[in-house]
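Please examine the sequence and the three-dimensional model together. The paragraphs that follow lead through selected parts of the structure, one after another.

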Amino acid sequence: MSFLSFDFDQHLAALRTPEAEAGEAEAGARAGGRGSWSRASRIANCCSPGSHSPFSSPPLALPDRPASWRPSYGFDLQNPWQTTSRLDAEAGSSFQHPQPFSPILGDRHVAPHSLEDFDEAELSMAAATNAARMGLLKDELSVIAGKITPGVDDTPYIQYALEALTREPESHPEVNASKGGWINARQPSQHVPLGAERILAPVTRPEPVRSLRQGTSYGEPAHVAVPEQARSPLAPGAHLQHWIAVDRNTLQIIDPRGTTYPPLTFKPRILRPLSTAALMILCLLMMTAYIFSNRYAQHNLGLTPYPGSIYSGQYFVFRILPPLVAVVILIYSQCILTTSLRILPFTNMAQEDPRERYLALFRRLYPRTFLLPQLMGPWQLIVFDLATWLAILTVPLQSSAFTCIYVRDEWIWAPSQGVAWVLVGLYALLGASTAIVTVFWLRQWTGLKRDVRSIADVVTLVSHTNTMHSYARQTVLEPGSDFKAELRDRWFDRLGYWQTGDVMAGGIWHAIGTTAMAPGQGDADHARRESCDVSIASRDLALWGGRYLPLSLRDWPLVGFAMVTGGLLVALLIVCFLPQTRLDAGFMPLISAGPNQSAFSAANFVYSFVPALLGMVLFLLFLSVDLSLRMMQPWGSMAGAEGATARRSILADYPACLPLQSAWRALGNGHWRAAVTSMMAVLSAAIPVLAGGLFMALTSADGQVRMFPSMPVLGVLLALLLLYVGNLCLLVPRRRQFVLPHAVESVAAIISLCSAEDVVGEAALRMASSRGDLAARLGVRRGSEGEESVWFFGLSPGKDEQRPSVRRWRRFTEMGGRAHRLSKA
């Protein structure tokens, strides 16, 4: 089969214009004699709709049309059958183009050109010419949209610009004339702290931005899905299409030595083997001491003679020192348990099995009370929790572990056999459970590079996340809403290293993220609320401020607790100093006081165990109050109109501190109420110790057996009870600053109250490599108090103005808004 030939030179000669000749001369000069413009245009013309290729079949013959016939096109649509571009027509060319589907057949036939005639330069020029012609087939709006960002909807940007332009005058930033003063990044003059005692004025009332979309009628708000990169362009990795979790094996391949990406096996010091081994040694020593005392007393009919007075050193050794050591061991085990519960949610989020990560983000970081076991986590922690809870009984038992027996006409100190063996069993259980917990944490992948102790440490875990769109929903903070149900897409979030398919381009980062979410998923409702919702001026701001307070800090529990303890203290004072009921004269035990063969005295046991047990209840109740106050104090500091420095707010780690450590740091930060309460929590541990060693059965001068108190012990006990009740009364006023929209007992709850974009994108929080580096970036260690960053919790005009969140005050000299954060990134 033979193909028709086509003379390109003849066709181009017919189309040649002065502009084309000038372009030919310029192209020929660039080609350097290797070819002409006509030669390079053969490829472009052979592909144009107005001609046919020598390698294709001839065009079909169509019926002739009148000369006046022209297809109608819009102003921006180029005729697809034209062989010249619209630029020639705009240049004023009077050349009459040939009719479409009218091939020009010359008198002579030229053999088809071979492929060797076209070099790389000609092919490149031909491809560029053809691309330019094909681009004219698009309408101008498509071309413009393609030049901005291909594949990204520009509607959110347009909506945000319109919202900024149509904002009320009072919502625009004002110029602060005071040099170096603290201002907010979005509204320099003021911010809106939460609290019912403040009058919150309207901030802004933006007009709803509406757009026309296919499938919606005029006047309906457009449901626009804001892409993640448009909503939070500061978060690295937010624009990536798919996140891939880096497991342990992959991390070992990427960084075998762990220098660049250290293994995520960090554990607080108290959970390391050396610390837990110290607790096991203490338990072993207590077991050894009681076993030795029992054996020695059986072979020698007691331990040592009674000196005849309860004001001697032996009374302190046998009645005060054992419960004092027991309460130290109890506090030590409680600290290990509290730290384990704090690290456990992060450990569960770091697991590869989704079943282990289920609801890990919503698990409590701290125990609500120490009166009952928590029973959370794996069986290893449950066993240790039960052993620690049972260890509460060791304090009252050790108060009644030793008594005096009458042997060979003298009184001798001896251990009560039954009580001693019970103590051996309890300490054996505690020591064994401690060994189990040690093994559990020894081989555990925690998912942490450093300890997460404060609000700032939690925010650093979400500064590179792809999950913040869930916390931006307004329904998350609405009263009465189910917090877990509103964040149901966060039930399986994972903590660890992340990467994308292109490791070299995206790198590896450490964050809380998910692989089951596409960018922008779930943001339609959020975008609709941001663009069309009413302002906070029309809402009940007290409702958004929240009504949550921990149970131990609420009105009725706290006031009732103070009244009950105060009443008991008054009754004790009356009993102690009323002439008719003076304790120093002793009282009848009403039960048998004589010891049996096992050195068990019912009177000594009851009047030692019961007061010590009541003292333990007071001690454990106060621990709950102290822990609640330590949790809420950083948030309360940020609720003030002036905010609080980073040291006193987002860096305050009181809940994660040891008992004395929290009191010292709170005192250094000026939180005197938290410092006094933490110190009182430590001192209140002496209440069960002193209460258990207060009474002892003695024979009076008239030969009657009575229960006599140790007056020095009674005096110290009354002083502690006075401080106890006074501290409770100090907690009653000024608790409004601790009111929050919801509890802050879990990681998800803390993140939801730190979800403002300027906080998540803060460079200091995002780029910190350690806790010391984080404190330095926040200005804590710069030596000048004025340069330390200031933070507040409340509402602020801007894109997320209706979302209560932790926010940062910025200096007037700092660059505000997005440009400031991007410059630090």
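In helix H24, the residues Pro 659, Leu 660, Ser 662, Ala 663, Ala 666 and Leu 667 meet Ala 674, Ala 675, Ser 678, Met 679 and Val 682 of helix H25; contact here means heavy atoms within 4.5 Å. The residues of this contact comprise nine nonpolar, two polar and no charged. In this division, Ala, Val, Leu, Ile, Met, Phe, Trp, Tyr, Cys and Pro count as nonpolar, Asp, Glu, Lys and Arg as charged, and the others, Gly among them, as polar. The model is predicted: local features need pLDDT of at least 70, side-chain atom pairs count only at pLDDT 80 or more, and totals for chains, interfaces and linings use all residues. Residues are numbered from 1 along each chain as its sequence is written, and side-chain values use heavy atoms, with hydrogens and water left out.

Two packed helices are described by the angle between their axes and the distance between the axes. For H24 (residues 659-668) and H25 (residues 672-683), the angle is about 160° and the axes lie 8 Å apart. Axes are lines fitted to C-alpha atoms, for helices over the stretch in contact, and angles run from 0 to 180 degrees between N-to-C directions. H24 and H25 are therefore roughly antiparallel to each other, a description used for angles over 145 degrees, whereas angles under 35 count as roughly parallel, 65 to 115 as roughly perpendicular and the rest as oblique. The names of such elements follow DSSP runs, numbered from the N terminus: helices (H or I) have at least four residues and strands (E) at least two.

The strands may be considered next. An open sheet is formed by three strands in the order E3-E7-E8, with antiparallel pairing; two strands pair if DSSP finds at least two bridges between them. Strands E3 (244-246) and E8 (508-513) stand at the edges with a single partner strand each, so one side of each has no neighbour in the sheet. From one strand to the next, the twist averages 55°. Three bridges link E3 with E7 (residues 494-499), and Ala 245 has Trp 498 in E7 as its bridge partner. E7 and E8 are joined by six bridges, with Gly 496 opposite Ala 511 in E8.

Buried means under 20% relative accessible area, exposed means over 50%, and partly exposed lies in between (1.4 Å probe, protein chains only). Ile 508, His 510 and Ile 512 cover one side of E8 as buried residues, and Trp 509, Ala 511 and Gly 513 are buried on the other.

Ile 336 lies in helix H11 (residues 313-349) and is buried, with a relative accessible area of 0%. Apart from neighbours within four places in sequence, Ile 336 is in contact with Ile 270, Leu 271, Thr 276, Leu 279 and Phe 384.

Strands E10 (residues 695-699) and E11 (residues 705-709) run antiparallel and are joined by five bridges. They form a hairpin with five residues between them, and Gly 703 in the turn has a positive phi of about 85°.

Of the 825 residues, 49% are buried.
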